[in-house]
Amino acid sequence: MYIKFKSVLLFFYMGLLFGNGLYAINPEPKKKPRNVIFILTDDHRYDYMGFTGKVPWLKTPHMDRLAKEGAYLPNTFVTTSLCSPSRASILTGQFSHNHTIIDNYSPDPGNLTYFPQYLQKAGYQTSFFGKWHMGDHGDEPQPGFSHWESFPGQGVYYDPTININGKRVAYKDSTYITDLLTEHAIDWLDKRDRKKPFFMYLSHKAVHGMFKPARRHKGTYQGKKITLPATYEQTKTGEYRDLKWPQWVADQRISWHGVDFMYHDNRDIHEMVVAYCETLLGVDESVGSVMEYLEKEGLDDSTLVIYMGDNGFSWGEHGLIDKRHFYEESVKVPLLVRCPELFKGGDTPQQMVQSIDIAPTILAEAGVKQPEHMPGVSFIPVLTGSDQGKGREEVFYEYYWEHDFPMTPTVFGMRNDRYKFIRYHGIWDRSELYDLKNDPDEKYNLIAEPDKQEMIKSMSSAIYEWLEGTDGMNIPLKKTVKYRFGDYKHKNEY
């Protein structure tokens, strides 16, 4: 039964701005700061790991280990399923409409504070390695990091040029970006000041397209195929009309983000999935290298290791590929957490977590007071099983139409533990309601069902109350440089 919203809901969401979030209020910050490693990957969907069994032939032993010795939280969601907005939400702890980096080109407004800045003030040594890609940022060092290594935009898989603390260094001889970042990250850990706590942010380019595995992994899964999703064919056969899907979903099938013209190419979906999974193998080995170093130093029990994706990825669901939409495979990301000193491993908590909870979680474990402008809350109580670990009752989602990718409309949505409601802005099309308990594939749109109208009204009102309560009723349009669809620069920055 759908949980009714309280009459004070508007004031509750206004309270989000003051740090109360949708969990119980954070416990008192810990006195002893904890070392933290945050590993972020690109376009890694929540269930493409060996231990989930989603892809039987995919092997990720090091991610499997994190799940076995720590926790896997399968109901983890981003606030916006797109690189720059998602990364900005992780770093600022805010929704996209607050930090205003709403697409991959929107400039930093100049007033943002990243959570590592608070760690620095608390005496942490901090480092960043890899993909920054927040709006129009280049590769220049950013506030909050005492050591910096990055590259512009999406970067490249082979022979990258890295900005190391303000000096650009070019790497040749088929240097692979995942390996290089891992090597430099471990080198920094080894040379750190052992008298100070550390925070390391390892941000991989992988597994973003165009997918290029390390040479040692190329061909590992050659000829393998996935089981195509239950909703793969509906937009092709016309069945989507009976299922009451929006027309824009069917129209997108033959487009940049559709299975019949993927990235404006006629590639086979199975071959693309193979390249994706082979590219993921390098990331899994990176996780293993980091864990091996922590063990060698005797830090593996006490260090909080968090592995996460910046957004999910569709592989044929609803006839779509890539991200941006609010369907499960696009908005859900892997979240693996390990810290034996803090909580017992091997659990798979079903409570919902959102990307805006990353910053409050790390700050709480560092003994740093959470800033009032962050609406999320630490998810550690979910892992420890404390009475404050009940989890979120709902998550909210937003995506703003992009000039360069006009196939997907502006999206606002919310999801609780059973139902998902999606409404679109700026397009003449139907909204969506799914019963995730009875229809996990989001196949049957219940938007016209008579017995669901009160629920729809309530959920629609909740979205507006969330936006009103978090100062999100205006779309933060910005002057940005746009590229011709299909040009070389665009193809490398989708």
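**Rings, charges and a sheet**

Guide: Start at phenylalanine 405. Arginine 324 sits over the face of its ring, 4.3 Å from the ring centre. The model is predicted.

Visitor: Is phenylalanine 405 buried or exposed?

Guide: Its relative accessibility is 1%, so phenylalanine 405 is classed as buried.

Visitor: Over the face of which ring does lysine 205 lie?

Guide: Tyrosine 157. Lysine 205 is 4.7 Å from that ring centre.

Visitor: How many aromatic pairs does a search of the whole structure find?

Guide: There are 33. To sort one, read the angle between the planes: under 30 degrees is stacked, over 60 is edge-to-face, the rest are tilted. Take tyrosine 157 and tyrosine 176. Their planes meet at 15°, with centres 6.1 Å apart, so this pair is stacked. Tyrosine 157 sits in the loop between β5 (147-151) and β6 (161-164). Tyrosine 176 is in the loop between β7 (167-170) and α6 (177-191). The two are 19 residues apart, and both are buried.

Visitor: Which residues do ring pairs link into a cluster?

Guide: Phe38, Tyr114, Phe115, Phe128, Trp132, Phe145, Trp148, Phe199 and Tyr201.

Visitor: Now the sheet. What is the order of its strands?

Guide: Read across: β2-β12-β9-β1-β8-β4-β5-β6-β7. This sheet of 9 strands is open, and its pairing is mixed. An edge strand pairs on one side only; here β2 (71-72) and β7 do so. Further in, β1 (residues 36-41) and β8 run parallel, joined by 5 bridges. Leucine 40, for one, has serine 203 in β8 as its bridge partner.

Visitor: Which strands does α10 touch?

Guide: β1, β8, β9 (304-309) and β12 (335-338), as it packs on the sheet. The direction of α10 makes about 170° with that of β9. Helix α12 (residues 358-365) also packs on the sheet, touching β1, β8, β9 and β12. Its angle to β9 is about 175°.

Visitor: Where is phenylalanine 198 found?

Guide: In strand β8 (residues 198-203). Phenylalanine 198 is buried, at 1% relative accessible area. Beyond neighbours within four places in sequence, its contacts include Ile37, Tyr124, Trp188 and Leu294.

Technical notes: Residues numbered from 1 in each chain as written. Predicted model: local features only at pLDDT ≥ 70, side-chain atom pairs only at ≥ 80, totals over all residues. Heavy atoms only, no water. Phe/Tyr/Trp six-rings, centres within 6.5 Å; stacked < 30°, edge-to-face > 60°. Helix = DSSP H or I, 4+ residues; strand = E, 2+ residues; numbered from the N terminus. Buried < 20%, exposed > 50% of the residue type's maximum accessible area, 1.4 Å probe, protein only. Lys NZ or Arg CZ within 6 Å of the ring centre and 35° of its normal. Contact = heavy atoms within 4.5 Å. Pairing = 2+ DSSP bridges. Axes fitted to C-alpha atoms, helices over the stretch in contact; angles between N-to-C directions.
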